[in-house]
Amino acid sequence: MKEEIELIKEGKRLDGRGFDELRRIKIEVGVLKRADGSCYLELGDNKVMAAVYGPREMHPRHAQDAKMAVIKFRYNMAPFSTDDRKRPGPDRRSVEISKVCREAFDPVIIRELYPKMGIEVYVELLQSDAGTRTAGINAASIALADAGIPMKDLVSSIAVGKINGEVVLDLNAAEDNNGEADMPIAMIARTNTITALQMDGRMTQEEFGRGLKLAMGACHQIYELQRAALITRYNQNYESKREEK
Ligand code: ADP
């Protein structure tokens, strides 16, 4: 059995956070000129860039869907994003995360509007500190909106977990590596619809319920930050166009 590492001291986590506290979130919208939509996002020490291309002609053609757009989602960790250099290129983990992230957007993207087309979503981790898939989903959601992809709503995402027997929000790398459980979720905050949920480790039914409630509350906070970032960006565009006139 794994020896327990002290991750909580005097009711606080090692980075000073309370059990229900998010890491700092920073969002910048429309940072890449060549992409149709983009977003740079920081979640604590995670740094992620999301870029969206499309809807555009889907290649290869045999992968087209005659009735709706096909979403391609690629999650990738840069070789310099971790402590030890990560082997470049796709691996089992990144293929699985790409699939989970793509599925998290299935209920919101109105794919029927673009038969035979492709929508490509790229999530590149520049720096990773646990919770990268949640940071990636939050950034991708904003990049999709920035690209003008018709969506029913934004998707917001965060993980909860268990460390030293306590249910806590938004695990960092030290907590993820030494904790008992990690449960990332994605949801449509406005309707409280869960679009992805994974669980690594063990929690009791009661802990699961408490964790889910904590994560859902945090997704509401993230949703407001995502909306605010998009509004700031589009107000800036509007103001600069007015000044040009
Ligand atoms: P998430 O980042 O979504 O929490 P994991 O739980 O699989 O996904 O990973 C936790 C953390 O472990 C990552 O954020 C990253 O810091 C680290 N990590 C994952 N895969 C690797 C790898 N191949 N090499 C080095 N560090 C890794």
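This is a predicted model: local features need pLDDT of at least 70, side-chain atom pairs count only at pLDDT 80 or more; totals for chains, interfaces and linings use all residues.

Student: Which residues of H1 are the buried ones?

Tutor: They are Ser94, Ile97, Ser98, Val100, Cys101, Ala104 and Phe105. Their arc around the axis is only 170°, so they sit on the same side of H1. Arg92 and Val95, on the other side of H1, are exposed.

Student: How do you know that the length of H1 agrees with its number of residues?

Tutor: H1 runs over residues 92–105, which is 14 residues.

Student: Why is aspartate 170 called buried?

Tutor: Buried means under 20% relative accessible area. Aspartate 170 has 1%, so the label holds.

Student: What makes the phi of aspartate 170 worth a remark?

Tutor: Most residues other than glycine have a negative phi. Aspartate 170 is not a glycine, yet its phi is positive, about 60°. Its place is the loop between strand E9 (166–169) and helix H3 (173–178). Asparagine 192 also has a positive phi, near 55°. That residue lies in the loop between strand E10 (181–188) and E11.

Student: Why is asparagine 192 called partly exposed?

Tutor: The label applies between the 20% and 50% cut-offs. Asparagine 192 has a relative accessible area of 42%, so it is partly exposed.

Student: What makes aspartate 170 and arginine 23 a salt bridge?

Tutor: The cut-off is 4 Å between a side-chain nitrogen and a carboxyl oxygen. Here the closest N and O atoms are 2.9 Å apart, so the pair qualifies. The partners are 147 residues apart, with arginine 23 in the loop between strand E2 (12–13) and strand E3 (25–29). Arginine 23 is buried, as is aspartate 170. Both belong to a network of salt bridges that also links Arg13, Asp15, Arg17, Asp129 and Glu175.

Student: Why can the pair of glutamate 124 and arginine 74 be said to tie together separate parts of the sequence?

Tutor: Their salt bridge is 2.5 Å, N to O. Glutamate 124 is in strand E7 (residues 117–127) and arginine 74 in strand E6, so the pair joins parts 50 residues apart in sequence. Glutamate 124 is partly exposed at 22%, and arginine 74 is partly exposed at 44%.

Student: Are glutamate 207 and lysine 162 buried or exposed?

Tutor: Buried. Glutamate 207 has 9% relative accessibility and lysine 162 has 14%. Each value is under 20%, so each residue counts as buried. Their closest N and O atoms are 3.0 Å apart, in a salt bridge. This pair links helix H4 (residues 205–244) to strand E8 (residues 156–163).

Key:
Residues are numbered from 1 along each chain as its sequence is written. Side-chain values use heavy atoms; hydrogens and water are left out. Helices (H or I, at least four residues) and strands (E, at least two) are DSSP runs, numbered from the N terminus. Buried means under 20% relative accessible area, exposed over 50%, partly exposed in between (1.4 Å probe, protein chains only). The expected span of a helix is 1.5 Å times one less than its number of residues. The arc is that of the directions from the helix axis to the C-beta atoms.
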